[in-house]
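Dear colleague,

Here is the structure for your files. My notes on it follow below.

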Amino acid sequence: MTVEPDNAGVAGSAAVDAYLARTPEPFRQAMADIRALLRSAAPDAREALVYGVPGIRQKGPLVCYAAFKAHCGFYPMDPVLLERFAPELTGFKTAKGTIQFTPDQPVPADLILRIVAARLEQDKAKGGRRG
């Protein structure tokens with residue numbers, strides 16, 4: 001995974017490191033687990049802050065994730081994908097663009113990997129467009 005500056009000029013991985021450092025446990029570990037999954041699923045993607053939260057991008061933003069006071073969020077950045085994977089998301093609170101979860105009930109790793117694979121295919125279809 002390569003490093004990309006975010007909008008504030010801080011290198012992408014360093015900005016994600018800083019975000020995670022401010023995240024209390026057990027949310028920090030949940031975020032670190034997602035980060036590791038994303039690195040394995042999209043090794044050519046760049047880490048960056050996407051809308052102020054950690055994420056990965058290639059031609060455009062792929063997915064992002066965040067920690068909040070009482071839950072974590074995983075953002076596939078495509079509501080159609082949430083519909084596509086809805087049968088596998090029972091037990092999770094979802095909204096137009098997010099999957100909410102807690103550290104003790106994380107989104108299954110294989111599901112995150114399949115969502116990222118779908119986003120990579122969508123990103124590839126963008127052609128030369130960069131975002």
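**Salt bridges and core**

Arginine 35 and aspartate 17 form a salt bridge, with their closest N and O atoms 2.8 Å apart; a salt bridge here is a side-chain nitrogen of Lys or Arg within 4 Å of a carboxyl oxygen of Asp or Glu. Arginine 35 is in helix H2 and aspartate 17 in helix H1, so the pair ties together parts 18 residues apart in sequence. Helices (H or I, at least four residues) and strands (E, at least two) are DSSP runs, numbered from the N terminus.

This is a predicted model, in which local features need pLDDT of at least 70 and side-chain atom pairs count only at pLDDT 80 or more, while totals for chains, interfaces and linings use all residues. Residues are numbered from 1 along each chain as its sequence is written, and side-chain values use heavy atoms, with hydrogens and water left out.

Arginine 35 is buried at a relative accessible area of 10%, whereas aspartate 17 is partly exposed at 41%. Buried means under 20% relative accessible area, exposed over 50%, and partly exposed in between (1.4 Å probe, protein chains only).

Glutamate 47 also forms a salt bridge with arginine 35, the closest N and O atoms being 2.6 Å apart. Glutamate 47 belongs to strand S2 (residues 46–50) and arginine 35 to helix H2, so this pair ties together parts twelve residues apart in sequence. Both glutamate 47 and arginine 35 are buried. A network of salt bridges links Asp17, Arg35, Arg39 and Glu47.

The count of salt bridges comes to five. One of them joins arginine 114 to aspartate 110, with the closest N and O atoms 3.5 Å apart. These two residues are four apart in helix H4, separated by about one helical turn. Arginine 114 is partly exposed at 34%, and aspartate 110 is partly exposed at 45%.

The largest nonpolar core has 37 residues, and those with the most contacts inside it are Met31, Leu38, Phe74, Phe101 and Val116. Such a core is a set of buried Ala, Val, Leu, Ile, Met, Phe, Trp, Tyr and Cys residues joined through side-chain atoms within 4.5 Å. Elements giving two or more residues to this core include helix H1 (12–22), helix H2 (27–41) and helix H4 (109–125).

Beyond its neighbours within four places in sequence, phenylalanine 101 is in contact (heavy atoms within 4.5 Å) with residues including Met31, Ile34, Cys72 and Phe74. Cysteine 72 is buried at 0% relative accessibility.

Regards
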